[in-house]
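Here are my notes on this one, point by point. Have the model open while you read.

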Amino acid sequence: MGSKEIKSPGECMETTTPVRGGSSDSLHRKKLGVYFVESDDRRTAIGGGYVLTRGTTPVNIHGKPITNLSKTGGWIAAFFIFGNEMAERMAYFGLSVNMVAFMFYVMHQPFSSSANAVNNFLGISQASSVLGGFLADAYLGRYWTIAIFTTIYLAGLTGITICATMSVFVPNHADCDQLSLLLGHCEQAKPWQMMYLYTALYITGFGAAGIRPCVSSFGADQFDENSKDYKSHLDRFFNFFYLSVTVGAIVAFTVIVYIQMQHGWGSAFGSLAIAMGVSNAVFFVGTPLYRHRLPGGSPLTRVAQVLVAAFRKRHKSFSSSELVGLYEIPGRHSAIKGSAKIAHTDDFRCLDKAALQLKEDGTELNPWRLCTVTQVEEVKILIKLLPIPACTIMLSVILTEFLTLSVQQAYTLNTHMGHLKLPVTCMPVFPGLSIFLILSLYYSTFVPLSRRITGHPHGASQLQRVGIGLAVSILSVAWAAIFERYRRNFAVENGYEASFLTPMPNLSAYWLLIQYCLIGIAEVFCIVGLLEFLYQEAPDAMRSIGSAYAAVAGGLGCFVATILNNIIKSATGNEYEGKPTWLAQNINTGRFDNLYWVLTILSVLNFCVFIYAAKKYKYRVEQVVKRGESDVPMVVNPMRA
């Protein structure tokens with residue numbers, strides 16, 4: 001019992017039908033799974049590999065199995081995690097919406113360089129999330145990764161608060177009026193002052209990078225994968241999770257902006273630091289309730305071993321007389337701590353050579369020459385997942401551009417709502433409000449309606465939701481282009497061309513709500529669907545890495561936005577001829593509408609690529625078991641979802 005059983009190539013050939021005119025090697029390549037036979041009960045499952053129940057036994061903070069799951073996890077534990085995410089997002093969006101203005105009005109930096117600096121901060125904080133995911137999956141576990149990086153986050157926010165509070169860290173504001181500021185005649189911050197601000201800012205970004213890939217996965221870990229309601233709980237969890245993100249954003253765009261206007265920059269950034277400190281305390285209070293997953297060791301090492309082993313055996317044939325079989329350890333558990341076994345698939349067959357066990361391998365197995373099937377399948381899954389989050393980069397580009405460019409648009413528009421004048425920096429609150437509304441109506445409206453159309457129990461599959469989000473983002477940026485052309489023409493025709501910071505009383509800023517609400521809807525479908533997709537499809541021991549894919553895509557979107565802006569500035573303007581660029585500081589002489597049309601075209605092309613990638617993708621499938629006369633589990637091949 002429990003020993004490994006592998007059929008020889010000769011025995012396997014007897015179970016197949018010869019192909020006329022076909023080579024022996026091509027036949028073997030069509031049925032690689034036939035070489036792998038392994039079962040605890042020494043029964044054979046031929047052709048389909050094997051599928052064991054996904055997931056691993058949850059443990060407590062000391063790494064010991066939890067005997068009574070009813071006293072841990074569930075929604076109560078998840079709500080402690082929601083609080084931490086809400087504060088982190090509040091700080092993140094609070095910095096993103098206020099830091100451009102802080103650098104411009106307080107540090108006296110040009111608007112364009114301030115916007116690029118903030119874009120880089122946003123990009124680094126998201127793109128470096130793969131580091132947090134790696135540490136969580138490899139060594140620390142998700143809980144300790146969150147605990148460490150949330151402390152780093154708090155230290156960065158404290159540093160920014162000190163910069164905004166103490167005059168020694170900011171330039172002299174004497175004789176700096178509005179006109180001098182616009183003309184760039186105010187004293188700029190000294191290099192060491194900017195260095196201090198950038199250091200505090202990037203420490204904050206580094207803290208966010210460790211938290212972001214772990215929080216959603218850690219929250220999802222609190223639910224029992226063997227429960228019949230697991231899918232429903234997981235679907236609702238990711239919606240509530242993004243709802244907490246939205247609440248944090250709404251607070252940042254309203255309360256924090258109000259504090260800044262009434263009490264100054266130090267109080268605004270200090271409020272973010274206090275909120276982060278309180279959320280840290282709440283997170284630690286929930287420690288006895290949390291369920292944990294054991295870290296599986298370095299995922300990068302396992303990936304490297306597969307690539308090296310496959311390269312070493314690149315010339316070996318699957319029909320070789322030296323073939324023993326595809327290697328896997330016997331028993332119910334895989335060799336990777338924190339991971340169940342993964343079924344063999346015929347994708348990326350070149351990687352299967354890493355699991356090709358030959359007689360020359362002997363009994364002393366070297367992981368850099370021979371890897372298990374599960375280890376090889378981990379790498380395959382990581383590769384197959386890549387195209388989906390890559391297609392969401394364009395959504396992040398649009399979000400980044402809206403965050404900076406639409407604020408510039410709002411400065412030229414009337415923000416009065418009756419007798420109430422809404423601050424321009426509060427305008428990004430409307431995407432958050434639309435997200436809040438959509439999530440509130442999601443289960444009562446969207447799911448029942450879409451279920452009638454698609455027949456899907458949750459209304460739409462994860463990839464369908466991502467596709468809906470990308471399609472709506474195209475509508476959002478196309479409307480932004482249409483309205484910006486109208487706004488610019490209105491400014492020129494009514495004599496406001498030179499007054500780019502003067503609101504036009506006859507043109508309301510609330511026309512921007514259309515693009516804001518559309519991009520909010522796009523976020524709900526795309527990001528929530530993507531997070532759920534990555535958590536469920538990623539290997540068990542690499543779920544933080546999987547969640548980091550979404551954050552990395554968001555970070556790359558910020559960098560792409562910066563690169564695109566720089567290209568447009570250099571290609572569309574001529575300083576010596578006095579020709580303004582599309583992104584001129586005076587928005588009324590620039591052509592933001594042309595940039596939006598470029599984004600629309602790129603988004604359409606990106607959507608076509610996504611449709612192709614989604615059609616090609618095959619969902620991972622849970623264990624499907626048929627019981628025969630001997631009551632022995634027989635494995636059914638995974639089917640395309």
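1. Start with Thr-581: not counting residues up to four places away in sequence, Thr-581 touches Lys-569, Thr-572, Gly-573, Gly-590 and Arg-591 (contact means heavy atoms within 4.5 Å). Thr-581 sits in the loop between helix H18 (543-572) and helix H19 (592-616); helices are DSSP runs (H or I, at least four residues), numbered from the N terminus.

2. Before going further, a caveat: this is a predicted model, where local features need pLDDT of at least 70, side-chain atom pairs count only at pLDDT 80 or more, and totals for chains, interfaces and linings use all residues. Residues are numbered from 1 along each chain as its sequence is written, and side-chain values use heavy atoms, with hydrogens and water left out.

3. Is Thr-581 buried or exposed? Buried, with a relative accessible area of 17% (buried is under 20%, exposed over 50%, partly exposed in between; 1.4 Å probe, protein chains only). A polar atom of the Thr-581 side chain lies 3.2 Å from the backbone nitrogen of Leu-583.

4. Now the inside. The largest nonpolar core has 162 residues, and Leu-95, Met-99, Phe-102, Phe-269, Phe-533 and Tyr-596 touch the most other members. Its largest share, 17 residues, comes from helix H3 (residues 74-105). A nonpolar core here is a set of buried Ala, Val, Leu, Ile, Met, Phe, Trp, Tyr and Cys residues joined through side-chain atoms within 4.5 Å.

5. Take a look at Phe-269 too: leaving aside neighbours within four places in sequence, its contacts are Leu-95, Asn-98, Met-99, Phe-102, Ile-160, Thr-161 and Ala-164.

6. Last, Trp-144 lies in helix H5 (residues 129-165) and is partly exposed, at 43% relative accessible area.

Note on methods: Helix = DSSP H or I, 4+ residues; strand = E, 2+ residues; numbered from the N terminus. Polar contact = N/O pair within 3.5 Å; in protein donor to acceptor, adjacent residues only side chain to side chain.
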